[in-house]
Amino acid sequence: MMKLQTLLSYLHDFTIYSGENPTITSIEMDSRKVTKGALFICIKGFTVDGHAFASQAVANGAVAVIAERPVDVPVPVVLVRDSKRAMAVLADAFYGQPTHKLHLIGVTGTNGKTTTTHLIEQIFRKAEKKTGLIGTLYTKIGDETYDVQNTTPESLVLQQTFKQMVDAGVDVAMMEVSSHALHMGRVHGCDYDVAVFTNLTQDHLDYHHTMEEYRLAKGLLFAQLGNRFDHTRPKFAILNNDDSASEQYKRMTAATIITYGIETKSDIMAKAIDITPSGMVFTIVTPTEETQIQTKLIGRFNVYNILAATAACLASGVSLSTIVEAIGEIQGVPGRFETVDEGQNFTVIVDYAHTPDSLENVLKTIRQFAKRNIYVVVGCGGDRDRTKRPLMAKIAVQHADVAIFTSDNPRSEQPEAILQDMEDGVRGESYVSIVDRKEAIRYAIQQAQAGDVILIAGKGHETYQIIGEQVLHFDDRLVAREAIKEREGSC
Ligand SMILES: CC(=O)N[C@H]1[C@@H](OP(=O)(O)OP(=O)(O)OC[C@H]2O[C@@H](n3ccc(=O)[nH]c3=O)[C@H](O)[C@@H]2O)O[C@H](CO)[C@@H](O)[C@@H]1O[C@H](C)C(=O)N[C@@H](C)C(=O)N[C@H](CCC(=O)O)C(=O)O
Ligand SMILES: Nc1ncnc2c1ncn2[C@@H]1O[C@H](COP(=O)(O)OP(=O)(O)OP(=O)(O)O)[C@@H](O)[C@H]1O
Ligand SMILES: N[C@H](CCC[C@H](N)C(=O)O)C(=O)O
Ligand SMILES: [Mg+2]
């Protein structure tokens, strides 16, 4: 609870307000969630304009409104230049500036955010810290998980989550920071101690339009680390030296830079990498130590994720021996290179690869151990970056022996039209298109011979399929399991 004027004192805006001073019991951006005593913030969204719901919010009990233009309601209305930005400031204040009380690590990049945050989480757990995690899969506080809508939630939800973490005694929080969130200011008010960059390859051009804009959006995480030198609370930018975008980020941040890489000389490096079907062994080299590390994770891209997590944890004061121990125990991340094993004589892998780069990486990794043919079942999401569709199709045909194109989440698009976009990338080549994802998975499983590997890509952990407005239950892992049983049953 807080008085309106106390809250407004955090805005330091040109906002002049001298009206009533009600007690604010909650802050809401959705009129449907407003209860008595709420401060309602009008947000102009992509679909509707929140200003249109101010009256409804007041009818539901809002005692004050923040807006960008006058709205006709019988409670105080405070006008601000940018209500989303104001919301971030107010949320931070209302929830008691929780990120000042947490060691906060943000991870950005096209691929590897979920994996890297999970590695960081396991390392801190090994170091006996209480952890909080925010990302694509869930929000997790200690062992409790909560459903999420976005990879990086809106500032209001975010600050409320941090407050919950502080109340639960969390020491260290790690979160995925999407380029959308950075661009929309969802993370304004987050006081990061460590910011991590994984990589930059094509995705989300529907939103960012060009790779240049996309690169700059990710750079905001490093620019926002602050421009001051507090030796009691140093800030670190962890950058992938093998990705050229890092050069720009080095110039964008005033924080201490720690680099990692495999090819380019870096502070934290991996060498002597040995990849087998059941895991990897490599040597990790830091400025002061060198040690062998073994893991069940597979693929060169996971070496990068491990290096990124190692650098972030070393910067946070965790010992290399604790890091090595934690990485050795990690079983995997849900929906990332997850195998479906019903005792069949071929391998089925479910993976969240939904970008050209990740699909190529995963297929190349499989090629390193596949004894026979590789099948890939892959689709592309609707209402998202269209330009990645032909590229993903090309990669599927190039790196797999049998490419089966199907639907991912078509959303409002016609599934056949999405398949057309994919097929445009592989005219004259050999592939199979099966619109129904379940049928496509069954087809691959029925065709497979002993020693083959089937990659089911794009949906990983997702337990739904969005077709039109409908959200239907769909889990690649369950569908594959059923199809394997069906096949075994008919043998
Ligand atoms: C394009 C986009 O980012 N949209 C986000 C946005 O929704 P929106 O702009 O459509 O909101 P809106 O429906 O127009 O509503 C505007 C305002 O009116 C309010 N309202 C609405 C109806 C009503 O009756 N009363 C009312 O008050 C709403 O609460 C809101 O404040 O605000 C919502 C609430 O925070 C987000 O959940 C939603 O993310 C959608 C689901 C989404 O798909 N976002 C993607 C693009 C995204 O952000 N992805 C990244 C991940 C990318 C990656 O993995 O790399 C992410 O961080 O999740
Ligand atoms: N460092 C990496 N470089 C390239 N590809 C990767 C990397 N790490 C993981 N991948 C691939 O990308 C897929 C998604 O990985 P992950 O979920 O960790 O990324 P993310 O950045 O969180 O993705 P999203 O933005 O959709 O949340 C994995 O299933 C794997 O195929
Ligand atoms: N975070 C990703 C999720 C893509 C997952 C894929 N299954 C799809 O629906 O396109 C995005 O917003 O692009
Ligand atoms: Mg993620």
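Author: Buried means under 20% relative accessible area, exposed means over 50%, and partly exposed is in between, with a 1.4 Å probe and protein chains only. The model here is predicted, so local features need pLDDT of at least 70 and side-chain atom pairs count only at pLDDT 80 or more, whereas totals for chains, interfaces and linings use all residues. Residues are numbered from 1 along each chain as its sequence is written, chains are lettered from A and ligands numbered from 1 in the order in which they are written, and side-chain values use heavy atoms, leaving out hydrogens and water.

Reader: Thanks! Then why is K36 called exposed?

Author: K36 has a relative accessible area of 68%, which is past the cut-off for that word, so K36 is exposed. K36 sits in the loop between β3 (26–28) and β4 (38–41); strands (E, at least two residues) and helices (H or I, at least four) are DSSP runs numbered from the N terminus.

Reader: What does K36 touch, if we skip residues up to four places away in sequence?

Author: K36 touches T25, N60 and G61 on that count, a contact being heavy atoms within 4.5 Å. K36 and V58 are 22 residues apart in sequence, yet 8.8 Å apart in space from C-alpha to C-alpha.

Reader: And how do you know whether D476 is buried or exposed?

Author: The relative accessibility of D476 is 0%, so by the definition D476 counts as buried. D476 belongs to helix α16 (residues 476–490). Beyond four places in sequence, D476 touches V350, R437, I441, I456, K459 and G460.

Reader: What makes the pair D476 and R437 a polar contact?

Author: The two side chains are joined at 2.8 Å. The term asks for N or O atoms within 3.5 Å; within protein one must be able to donate a hydrogen and the other to accept it, and residues adjacent in sequence count only if both atoms are side-chain atoms.

Reader: Is D193 buried or exposed, and how do you know?

Author: D193 is buried, because its relative accessible area is 3%. D193 lies in the loop between α6 (179–184) and β12 (194–197). Its contacts beyond four places in sequence are L102, H103, L104, L225, R233, P234, K235 and F236. D193 and I105 are 88 residues apart in sequence and 6.0 Å apart in space, C-alpha to C-alpha.

Reader: Which residues does I120 meet beyond four places in sequence?

Author: I120 is in contact with I105, V107, M174, A309, A312 and C313.

Reader: How do you know which residues surround ligand 3?

Author: A residue is near a molecule if one of its heavy atoms lies within 4 Å of it. Among the residues around ligand 3 are H204, Y352, H354, R384, N409 and G458. An oxygen atom of ligand 3 is 2.8 Å from an N or O atom in the side chain of N409, and a nitrogen atom of ligand 3 is 2.9 Å from a polar backbone atom of G458.

Reader: And which residues come nearest to ligand 2?

Author: Of the 20 residues around ligand 2, the nearest are K113, T114, T115, R336 and D351. The side chain of R336 has an N or O atom 2.7 Å from an oxygen atom of ligand 2.
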